[in-house]
Structures are given as C-alpha cells and as structure tokens.
Amino acid sequence: MGNKGKRRAVAALRVIILAFFLLFVILPIYWMAITSFKPHAEIINTQQVTYFPKTFTLENYKELFEIFNYGDFLKNSIILSVLTAVAVTILSVFGGYALARYRFRGKTAMLLFFLVTQMVPGILVIIPLYTAYAKMGLIADAPHLGLWIFYVITNLPFCVITMRSFFERIPYSLEEAAMVDGCSRMKSLRKIVLPVMFPGIVAVFVFAFIGAWNELIAGIIFTSEPSAWTIPVGLKSLIGKNNVKWGAMMAGGMLALLPTAIMFMVVQKYVVEGLTAGSVKE
Amino acid sequence: MREGMKRAAAWVMAGVLAAGLLTGCQKEGGENSSAGEKSQETVSLRFLDTSPSDVRQAYFEDVFARIEEDLGIEITYESTPLEDAANKIMVMATSNSMPDIVTTQDNWLGQFTASEWILPLDEYLEGKEGQFADTVTKIVWANQKEMYGHIYTVPDGMMVKGIYIRKDWCEKAGIDLESLKDWDYDQYFEVIEKLTNADEKQYGMTYRGTRGAFDVMMVYLQGFTGGRTYDEEGNCLLNSDECLDAFEKFTGMYKEGYAPEESINWGFVEMVDNFCGGLTGTLNNDSEVVVSVQNSMEDDQWTVLPIPKSTKDGKIYNTVNAPYSYTISKDCENQEAAWKVIEYLSQPENNIEYCKQVGMIPVMKEVGDDPLYGEDGVYAAFVEQLNNPDMVVPTGYGPFDSTDLQQGPLYQEIQKYLLDEQDAKTALDNICGMLEERMKTYLDENEGAVVDTPKTMQ
Amino acid sequence: MVQNRKKEPIIVKRNQNYRKRMMEPYALLMPVLVLLLVVFAVPLINSFIMAFQKYRLGSPDIGFNGLDNFRKLFADDDLGLILKNTVIYVICSVAGQFVLGLTLALALWKKFKGRGIYQSVVFLPWAFSAFVVGLMFRWSFNGEYGVVNDLLMKLGVIKENIAWLGTPGYSLFVIILAMIWIGVPFFAIMILAALQSIPEDIYEAASIDGAGAVKKFFRITVPYIKPTIIMTLLLRTIWILNSFDLIVVITNGGPANYSMTLPAYMYTRAFSGYDFGFASAIGVILMTALMVYTLIFLKVTNYEEGM
C-alpha cells in the first residue's frame, strides 16, 4: 500500500516537473513567436502589452526574405554547420578513442591543453587566424572556408572530451572479444564499437552543429558581403543605430530554430534511447 | 589502422573541397572575375558600410551599378553589424586587408588617424573644397585639420541634433509650440515636467543612461563654458560651479521621475523605440531619426524643435557631424579609383538622393532648394539651426581615442550618482579628471599639438 | 561492475608489433593536436607576452612595462564589485543549469508517451543564438512595458512596476536567468545520455538485494554519471565565465557596473579601447584562475585518475 502511494507521489511529482519545464521553455518562445507576427507599431507600443497579435501579419517573414537575404543566411549557416559537424565528429572519434582506450605519455597534459584552449579569449584567436588567412588571399574568395576551419577547431576540444566519455561507457570486453576473433583493432572499432557508439556520435554531431550554428563574432569578422553572412550575423545586422527591427529579428530567430528543431526530433531518440542498448552483456 | 587514417584524411579532404566549392560557387556572379582576370578595363574595389540597413544597402548597390557603367569600376558592397564594426575594422587593419573605401564614424577618427589606418585626402580635395557646404569646410574639416593635421574624410551627409516632441501631448498639456521655437534649456526642462504623467506611463524626457550618456549632457554643460571642453593648457572646464548646477539640473530630470526609472540603462535603441512607442514626450536626437519616427507615428503627433539655447549666453550649442563619412584605407591599392568613386558618390544628385533616404542634410552646395529641406519640410528645424548665426559647435573629448572612456567610466560615474552612491560633485570631478588626464598626456606626447576650439559657421 | 567501466586496457600482446601499438594513440590524436596547437599556441603565448607590455593597437610605442597593466586593473575602484558579480554570476548560472538539468534528465529518464516530442521542445532554448535571447530578455524585462512586469501585475505578484534592468542586483539576476534558460538543455542532454547508459541489470540486481530507490540513486546512479557530471560542470564553468554576449546585450554591465563581470569588462573596456596589453593582463588573470580552479576541481572530484 505504502509503496503504491509513494509511487503515485513520484509519478505526480514527475508530471509537475515536466509541466514546469515545458512552461519555462515555452513562455519565452511563445513570446518571440507572437511578436514575429505583430506589425512594428504594435510591438513597440509602450502603452499596452498584447498577448496575441491584434493585427496578425506575415510581413516580418516576407521582409526577411525579400529585403534581407534570409535565404542566403540560411543556406550559409546550414552548409557551414553540417560541414563543421561532419569534420568534428570524424576527428573526435579518433581522438576520443585514443584517449579512452590507451594509456600513454602526455595524456594528462593533452587533456589540460584541451581545457586551456577553452579559456583563451576568442578575439585573440581570431586575429592571428584571420591574418594568416588574409595573407593567403582567401578572405574575399572563400570566407566560409576560414570560418569552417575556425568552427572545427573551436568545437574540437569539447567534442573530443565528450566522445571519450562515450567510449569509456562501452565495455572494453566487447572489443576484446572481436579482436580475439581475429579482427584488427580498426576493424573491431568500425564493425563493433562504432555501431554501438552511434548515439554518442549523433550527440557530438549535434553539439558541433549547434556550436557552429550560433557562433557570432567570427562570423562577423570573416564574412563581409551580406550574401556570405550566416544567420546570427544577419540577425545582428537588424540592430541599427537607432532602432531594432524587432519583428524581422524575432521572425528570423524563429526560423533559425526550425532546422535544429527538426534535427532534434530526428536524432533525440538515438541520443537518449540508451547509448549501450544492446551492448552491455558483459 | 592505416586504412582508417586514410579514410579519415579522405573525409577531411572531401570536407575541404566541398567547402571550397560552395564558397567558390557563391562568388561566381561577382568576385570570380576580379580574382582571375584583372583586366585593364575593370577595376575592382571593396566598399565597407559600417551601418547596415536595407535602405542603405539598396542605395549603394544601385549607385554602384551606375558607377560600374559610367566609370568601369566594379565595387563589392561589404557590411557588418554596427556594434561590431569597430572590432571588425580593427582585425582587418591589423591583417592589412581593409576594404578600399570605409564609411567611418567621427568618434573613430582618433584611433584611425593615430594608427594611420586611413589616408589623408588633402591632395585630392585641393581646389574642390569650395563645392562643399560651409558645415563641411568650416566645421568638419576645420576640426580635422586642427586635431589630426589633415583632412581624412569626405562627409556623406550632415547630422545635427534637434528635440523631437509630441505635438498631441503638448496640446493636451496646454503648451504652445510656436512660442518655443526660440527656447532655452530652462523652458525645455519646464516642458519635460509638464509632459510627465507617470500614472499614465507618460514621461517628459527620454533619458539616455548608458553608452554616450555624457555626450548629450556635455553639450548642455558647454553652454556655460562657451562651447569648450578644455582651456588652452588642457584643464577640463566642465566642473565649474555653474556646470555642476547644470549637471544637477539635467540629472534631476531623471532623479525626480520625469524619465522612466529604467532609462538609467538605456542606449540609443531604447530611446527611439520608447519615443515612437509613446512612452516619452521629448527626444534629443539626430536628424537621422526622422525616418524611423515617420515610419511609426502619424504626422500630426510629432514635430521637431531646435536644441534649446544656453541660459548663459543665448547661443545654441549643437553637435554637427557626418556619421558615416567616406575614407580611403591604407590597404587601398588603387587610390585614384577609390577617389573617383567617392567623387561620384558626392555628386549633388547622388548626394541628395542619399541624404533623403537616410535622413541627413546634403553636403554639396549645388543640391539646390529641395522643398524637403525648406521651411515647411520635416528637416526645417535642423536646417534652420545650421543657418542660425548663434549656433556654435562645441568641442568634443579631444583628438585622442576615447572609446574606452565612452564605453564605461564616463557614463558609469553618472549612474553612480543616479543610484545615490556618490554626490554630483564627485561624479563630475571624476569625469573631468579622466578627460583632463587624457588631454594632458596627449599634449605632452605630441609636440605642437593644440587644444581644439569651438567652431561656428561664420 | 561499476568499476569495470573504468578499467583501462593496456596493450599486452608485445609480440604484435609493440612499437607500432605504442604510436597508435599519438597517430589517432595527431590531427586534433596539430590543429589545436597551430591555432591556439600563438594567441596563448602572445597574450602572456602582451600582458606585460604597453600594447595599444596602432600605437608605435610598444614595449615591456612590467606589471603596469595589472596595476591598472587593481586601481579600478569597481574591481571588487566586478569580481563579486563574476563569482555570483558563475556560481548561480552553473548551479542553476546543473540542478535544473539534472532534474529534467531524471524526469525524462523513464519512457512516457510523447517523450520524443516533449524532448524536442524542451531542448530548443539551446538552439537559440545568445544575442537573440539576450535581446528578448532585455525587452521582456523592460520596466515600463515589459511583458514580465505586465504578467506579474496581472497575476497580482507585484503592485508596482520593477525597473529590472535599472536596479542593482536585479539586472544581474535577469542575466543569470537568461543564462540558465539557454543552458539547461545542455546539462539535461549530457546527463540523460549518461543515465541511459546504465545497464538495467544492475538495478535489477540491487532490487533483489533489497535496496531502496534512494539507496539505488546514490549507490548506482550517481557513481555512474559522476564522470559526465564532473566534465560537464567543468567545461560549462569555463564557458559561462568566458561568455559575455548575454551581459553586453542585456545590460552592458550596468547600471554602474552592477552586472559587469571580468570577461565582459575585458571585452568592453580593454579590447574596444584597443588596449591589448590591458586586455591580455585580464585574460592572463582569468586563465590562471581557471587553471587553478580546474586542477583543484579535478583533484577534489577524483577525476584525474582517469586522465
């Protein structure tokens, strides 16, 4: 009896917690969403707060595409983020595997170095990189290449460390068994470990993707022509000296959410479905 | 193992290639030709606009198309979010990859000229100065020569400040706007008080509390120093007893609730939004704002008054500047072409078209009498000030780079006073102390440098 | 069983080309290491040199000036306030993100109908650009017409408008709230992933032994997700401390430095004023502090045994 009551209390608590988080997340997003459907005058009206657009308009979205090249921003951001995520994921698999499965000289130093890179002020990293890049004469012709390199490098340390922790959760015995069966280390990694690791790989992919997706400062420095801008740079340019294009800004923010939202929906089941679903038979 | 590495390498290469291809493809329309075949006919230049907006971009792209046709110069329009513009230029300048033409803000000139990031334009302008309006020759360029030794910019358009005011509120409060055409600061403060009705969320003043807070106040204080910031030796004049009184009066508007409590933390953007949104009744701002206000308010709701006269000497102290002047950067390889472009942009018909779109006052004498800038136009209050023999353009912070002061200490000292953490005298003394130290260091380090003086159109 | 996971395999089969084996980890890490060294070594070394230099961008007068840059920092009357803000900001943001993230992860642990959709929604804040979130918070917390005041008034929580961004204390609170809002999903995802990797049979075995839920949580769950928590906490602390975009957008450190943190100060004062020497000095202090923190944190949490 007592147990049953307790279980019910836990279930109720869980519902409350879940509801709280939903509200916590939804309220600001709701606010942005309805703002994106309001005309400018209603948005900046200081006398009355409207919780639903009095005049419903799609003008902000139209403006975004017709006047502000949002299509370009979207394309640039998607290409850059996907390529960043691909490169980071591949490099992290090797790095993470090495850190998880080997004991070797300089490992601690290496990990500390990874952490130190996270502490260097961004602008100090951008300047020499940009200078080198300018010397190669690539700024005008391939701004995204430089940005891509920057994104890959800045996302690597965290992703390698994360990948390592995913590898560590997979029992070595699994790999050993394969190697005993005559597989080479690489083959066992590819055939046995990686499939089991898939959720971890997906997670790292998402981390790197979002890292590139939301980056602002390097985007501003590396891209100059409006057609080369990424979404954050394009949105930031909606802040003028004297006014903010609130409607277009919020519309842009909402649209920027779509690709990530779709990605979340597709991949979330891998990330949380259990990293080691079929692999724990030790 | 080796196989794996190879595969990884292949992936990375594929990635590089893909990125390269994609970025390459994008440029196909414009830039490929510039890199590949730099033929004799087409010269390519880069133009950086530091204040992006749809209006500006459309104007420039249109005029650049005409330039390509007329002069055979192909120009790439580049831009950057306003707040990050200075940082971007800093990185570009240190990497020797500045665009050929850069639109430069006045308060950057200290740094830009000291670092030689932009080139003097005196030679190009020789004999042509007379084509420019007096505001340019007698104020902007006179200032530059005095402070930096050369002319560095060609103004895009002129901005002066005015007081935007709610007509409808004034009617309700029984304020006769006609009688205020010649007002002074005391009348201004009176109007602010009358327009305030906090219960109905109406405040008389749009107080600016953060970045640039002291800029506005300084002009008021200079009404008591004849428009000067420093004396000849570099001593700051702004903390005299008269100035202290003025300082207290000005901040009193905030302290006594004639401005929203939160405006202690407001910058540019909030000011205009709040005036347009109906929270505040007056707004001290540049002519540039006309366009924004027009877009969000009815014509019978607002008008513009001149900046109030000094209660001490009856003169109007008001800043005049060209916000995004054209400059040629140190990294420009074809300066002749860059100059041709600037000349083209400054042609009277282009200049007035530009000014109309972005809310500025033309800089070329030949623009003629456009009704927009006439007695009944929306810019009347601004143009009249420029024609007023009693208008004086006070001095600024000085020829040195003062960005770091503007970014923090200057307005923070005022904020501390507004929060009652220090008294007015301490705040003002601290501000003057910082400025004085900078100015004197500058005078010591630069032989022959003199303290700049207020300018008039006369 | 739990300990098993930590076991580091040592390659013992020496007959199999032992030397090649020894080189393997280096070869695997090589691309990462080379990239990081190429990009980070120069700025890292540079910032340590510039910290002791008079180094104003564009000024020809560059040279060593000993500890002047550090003195300049310590001469600022507001340094105490800024450090206090920095500590409050980091601790509250990290703790808030962690506690809420852990709670959310635990609530999401067991399957329920619609969990997929629910997750996709709650994780969304993480996908926003910081400055867009910052702008939205600044504007929602506007003291005169912000939606937050309006809502609180309608709910009867407050009777008078609060000038959130203009009041010392409150302005920092808004920044922390925005920071937590963005960061909770990240913690939740990391912890949830770790939770999911705990084998079911361990719990079954513990249940048979008669262990209660609380006991199971502390005996099994916590040790299992501990490494993840440690690393995530550490990386987030570094990241949160260094990130200033929310601060710059929401309050720009105001009013009167009441929401200014040291990295935001470095960015708005030193870099914007082209004073790279001063900026580097602050950077060096930050890096040193973070390094010390990292080492102590790893020691205290016994993480380094795995490193």
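Colleague: Which residues meet where α7(A) touches α9(A), and what makes this a contact?

Modeller: In this predicted model, the α7(A) side brings A:Tyr151, A:Asn155, A:Phe158, A:Cys159, A:Thr162, A:Met163, A:Phe166 and A:Phe167. Among their partners in α9(A) are A:Leu189, A:Val193, A:Met197, A:Gly200, A:Phe207 and A:Gly211. Contact means heavy atoms within 4.5 Å, so residues that meet this cut-off are listed.

Colleague: How do the residues of that contact divide into nonpolar, polar and charged?

Modeller: There are 16 nonpolar residues, four polar and no charged. Gly counts as polar here, so A:Gly200 and A:Gly211 of α9(A) fall in the polar class.

Colleague: Over in chain B, at what angle do the axes of α11 and α18 cross?

Modeller: Helix α11 (residues 241-255) of chain B and helix α18 (residues 409-418) of chain B cross at roughly 60 degrees, and their axes come within 11 Å. This crossing is right-handed too, with α11(B) passing α18(B).

Colleague: Which residues meet there?

Modeller: B:Phe247, B:Glu248, B:Thr251, B:Tyr254 and B:Lys255 in α11(B) meet B:Ile414, B:Tyr417 and B:Leu418 in α18(B). By class, that contact has five nonpolar, one polar and two charged residues. Glu and Lys count as charged, so B:Glu248 and B:Lys255 belong to that class.

Colleague: Now to the chains themselves. What makes B:Lys416 and C:Asp78 a salt bridge?

Modeller: Their side chains meet at 3.1 Å, N to O. The cut-off is a Lys or Arg side-chain nitrogen within 4 Å of a carboxyl oxygen of Asp or Glu, so the pair qualifies. The count between chain B and chain C is three salt bridges.

Colleague: How many residues take part between chain B and chain C, and what area is buried?

Modeller: Chain B gives 39 residues and chain C gives 37. Together they bury about 3,100 Å², with 49% of it on carbon and sulfur atoms.

Colleague: And what do chain A and chain C bury between them?

Modeller: About 9,200 Å², of which 78% lies on carbon and sulfur atoms. Here 95 residues of chain A touch 90 residues of chain C, and the salt-bridge count for this pair of chains is zero.

Note on methods. Residues numbered from 1 in each chain as written. Chains lettered and ligands numbered in written order. Predicted model: local features only at pLDDT ≥ 70, side-chain atom pairs only at ≥ 80, totals over all residues. Heavy atoms only, no water. Helix = DSSP H or I, 4+ residues; strand = E, 2+ residues; numbered from the N terminus. Buried area = accessible area lost by both parts, 1.4 Å probe. Axes fitted to C-alpha atoms, helices over the stretch in contact; angles between N-to-C directions. Left-handed = near helix turned anticlockwise from the far one by under 90°.
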